[in-house]
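This report goes through a structure in plain terms. Please look at the sequence and the model first.

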Amino acid sequence: GVFIQVGFLPNTEFCRDLVDLNSKGEIKINSDCSTSTEGIFACGDVTDAYGKRIVIASGEGAKAVLRTRQFLKELKEA
């Protein structure tokens, strides 16, 4: 995993060609923390998830890990 700490502005320049960003530069995510690119998941303050709070980012991180695990399991079974 990669964990990136961000200030007030999302530090997403490195992935702008990989995933869709909104007008604020935040990574657009679905409810399971998946992005516009298969196999890439995002969580925390760099995303467009509602509420920029530690507890919310932590919950989003847990969701992203669970979904990533499921994705890898499905990939292995394919």
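On a 1 Å grid over the protein atoms alone, a cavity is a set of points where a 1.4 Å probe fits but cannot get out, and lining residues have an atom within 4 Å of a point. The model is predicted: local features need pLDDT of at least 70, side-chain atom pairs count only at pLDDT 80 or more, and totals for chains, interfaces and linings use all residues. Residues are numbered from 1 along each chain as its sequence is written, and side-chain values use heavy atoms, without hydrogens and water.

The structure has 1 cavity of 30 Å³ or more. The lining of the largest cavity is made of G44, D45, A49, G51, K52, I56, A57 and E60.

| Item | Value |
|---|---|
| Space in the largest cavity | about 30 Å³ |
| Nonpolar lining residues | 3 residues |
| Polar lining residues | 2 residues |

Helix α1 covers residues 54–77; helices are DSSP runs (H or I, at least four residues) numbered from the N terminus. Buried residues (under 20% relative accessible area, 1.4 Å probe, protein chains only) in α1 include E60 and F71.

There is 1 aromatic pair in the structure. The ring centres of F41 and F71 are 5.8 Å apart and the planes stand at 65°, so the pair is edge-to-face (centres within 6.5 Å, planes over 60 degrees apart). F41 lies in the segment before α1 and F71 in helix α1, so the pair ties together parts 30 residues apart in sequence.

Methods
Helix = DSSP H or I, 4+ residues; strand = E, 2+ residues; numbered from the N terminus. Expected span 1.5 Å × (residues − 1). Buried < 20%, exposed > 50% of the residue type's maximum accessible area, 1.4 Å probe, protein only. Phe/Tyr/Trp six-rings, centres within 6.5 Å; stacked < 30°, edge-to-face > 60°. 1 Å grid on protein atoms, 1.4 Å probe; cavity = no way out; pocket = protein on both sides within 12 Å on 5 of 7 lines; lining within 4 Å. Points joined across faces, edges and corners; volume = space filled by probe spheres on them. Nonpolar A, V, L, I, M, F, W, Y, C, P; charged D, E, K, R; others polar.
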